[in-house]
Amino acid sequence: MELSSSEDDELVEDYLDFEDDIKASDVNHQNEEATASVAGSNMVLVEQAIGNELLAADDGDAKNQVPCLGMEFESDTVARAFYNAYALRLGFGIRVARSRSERRKGVEVMVMKRFVCLKEGHHKKKVTENGTKKKRKRLSIRDGCPAMMEVVRRAPEKWVVTKLVLEHTHMVVSPERVREIQLSRLSGKDREHQDFLKEMRRRLFGEGDAQVLLEYFKRMQAENAGFFYAMQVDNRNCLTNVLWADAKARLSYNYFGDAVTFDTTYRQNKNMMPFAAFTGLNHHGQTVVFGCALMIDKTESSFAWLFETWLTAMFGRHPLSLTTDQGKVLASAVAKVFPDTRHRLCRWRVLSRCKKKLSDVYCRHPTLHDELKTCVNDSTAVETFEVYWRKILDKYNLRENSWLQILYSIRHRWVPAYLRDSFFAELSTTSRVESMNRFYRRNFVRESTLQMFIAKFDQEMDNGYEKEAQEDCASLGTQPILKTDSPMEKQAANIYTRTVFEKFQAELVEALNHYAVKIQDGSMSKYSVGKDGDAHNRFIVFFDEPEKKAYCSCCKYEVSGILCRHVLGLFLACGTILLPEHCILKRWTKKAKSGSVGHESDLEVQNYSQDSPILWYNDLLHSTMKFAERGATSSEAYKIAKDMLQKVFAQIINYEENVAEGMPHHVGKV
C-alpha cells in the first residue's frame, strides 16, 4: 500500500525527533547516538551525519540486505549502523532498548544489545512527589511495535543476531520521504507552520485535552471493537489531526456510501471548532455520518492522510462520488486518494460565497443572486447553462468580473448540467448541507471544551440513529395516500420508503401530463417527450422496449436514482404498467439494509487471516446490527428476536462449558 505524504511525515518525524526516548531508554549510549540525532547544536555536523546515513542506506551492497538470524558483525557499533541503515531504507527510527554487560577479568564488557523500533513499548506515566501520576503534555509515539534486532557477543570481534522481529504494527515510509522531511527539518522551513499549529492546538485542546481525547477513544474501542480511530502527530509528537468512526457509522457506509460529502463547514467561520465530517443520505433522505475529524493542520498531506485513513475505516471501499468545498489543496488530495471517484464542489457553498465576493454587485443589482441560482440549478443541459450564463454577464456587465471568471473556469466541477453522468443521491439541493450547518452553528463554537464537543456530537449521532429507526418503523407500518389509479404507484408505495415515494409520486403525477413522440425506430427507439403545451422543453428518451430500459437526456435517474417524469410518461404511453426491477435502486427502498453486508467482509478477509478473532467479531457485529434493526420494527418482531438471541446465547454458553470440560462439542439447531 502506498502511503500518503502526511502519513510519511508522521512516521519519518518519529525517527527525527526521538530525543525523549533516548533519554528514557538509552541513557548509557547517548554519545554513541550523537550522529543519529538532529538536535545537535552544530548544524554542519548534523548535516554530515545525516548525509552519511543516507549514503549508507543507498550503498549498493547494503541496499538488498535484510537482517536475518545468525548474521555476524565485527562489533555492536557495526551492527547498529547496519540496522540503522536498514531502518532508514524502510522509513522507521530505532533506539537501543536493552543492553547487558558482564565483568570479565575485572573489566565490564558489553555482551548484548537490543535495537528496537521507536514505536516499541508503551509510555509509562511518571509519578510525582505526592504520588499522583504526572500527565504527559504530548502524546506518546509508542504503540507496542515488536520490531527489533538483538545481537550477542560470541567472540571479541564477533556479534551474532540471536533474536529478530521484522514485522511492524504501523506502516513505514519510502526513502524519498525520509530525505524530504530531513531536509525540511534542517532548513527550518516548517517553523512558521509549526507555530500556527501550536496556536491552533492551544485554542482547541488547552492543556492535556489531547490525552483526554485519546483516552476517550481507547475507552470507546474497549466497549466496542468496531469503533475506529486514528491520530496524526507532527514532528514534535503533538496532535495535528484526528479521525474517528463508530461501528454504526461504518455499517451505514456499507449501505449508503455510494455518494459522500466531506463537510468542512467550520472553514466559513473562524470561531467554529475545526470539525469535519464524512456524511451521506440514508434511504429516508436523512443525513448519516460516516466519520468525523478534527482538522488542525490543513495541508495537502494532512488531507491525504485523512482520506486514506478514512478509507481504511470504511474497509477500502471508494464512493462513487465525493462532494467537497473549494480549495486547491483539498482538490489535489482528493485527486490522489480518490482517482476513480467523481469529485464535485458543493454548489450551495459556491453560491453562498458569491454573497461575499459579489457584495457590491448584489447591492447594485438585488435580482442577480436569484438569477444566478436559477441559471445554475434549473439548467438541465450544458447549452442552456451557457446561454443563460452569458445572458447574465451581459445584462449586468460582468464579463470582466474576476470571481465569476474563476467560477466559470471550474464550472464542470460544480454546475449540475456538467455532472449529470454521476450518482450523487440527490433528493434536495440544500437540505443536507443546511441541516449540518445549523447543527455546527448551534453547538461547535471554539469556546466549547473538547469534552463538551464530543458529548454533544455523540448525542446528535444517537438522535440520528433513533430518527432513522423511527422512520424505518413508519415506512413499514404506514401506507401512503395514492393520487392515481396506476398499478405502478401502488407498487412504488410498497417498495420505496415514505420520503422517496413522495419524490417518485410527484414525478409520476407530472408524467400524466407528458406525451411521447417517436422520432426514430430501431433496437433502441428514440422519443421526444414533453409536457402538453410546452414545445420548448422537450427531452430525448432512448427506449429498449423488449428489455424495458430507458435513458433520458435529463439524466435525473443517473444523478438521483429516481426515474424522471419523461421516462415514466413514456412507460405509461407504451403500456409498461409496473416499474422494471432494474429501475429500482435498492438504497432507496424499505429493504435498503437487508441482504448481505456487501463488500466489507471480503475486504476484511484480505486484511486478516481466516482464523482472526477480529474478523469474527466484526462479522458478528454487522450481522447483529442488522438483526437489531429488523427486530425493533414491531413488538412482535422484538419478541421473536429476543427469544432467538437468548437461545443462541445459551447454546454458546453450553459450547464453552463442554470445551472447558474436554467433552466433544457440537453445535445444535436453534
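Student: Which residue in β10 stands opposite V242?

Tutor: This is a predicted model, in which local features need pLDDT of at least 70, side-chain atom pairs count only at pLDDT 80 or more, and totals for chains, interfaces and linings use all residues. Residues are numbered from 1 along each chain as its sequence is written, and side-chain values use heavy atoms, with hydrogens and water left out. Strands are DSSP runs of E with at least two residues, and helices are runs of H or I with at least four, numbered from the N terminus. Strands β7 (residues 239-245) and β10 (residues 287-295) run antiparallel and are joined by four bridges, and the β10 residue opposite V242 is L294.

Student: Is P274 buried or exposed?

Tutor: P274 sits in the loop between β8 (259-263) and β9 (275-281). Buried means under 20% relative accessible area, exposed over 50% and partly exposed in between, with a 1.4 Å probe and protein chains only. At a relative accessible area of 1%, P274 is buried.

Student: What percentage of the contacts between residues at least 6 apart in sequence join residues at least 24 apart?

Tutor: A contact means heavy atoms within 4.5 Å. The protein chain holds 25 helices and 16 strands. For its contacts between residues at least 6 apart in sequence, the share joining residues at least 24 apart is 62%.

Methods
Two strands pair if DSSP finds at least two bridges between them.
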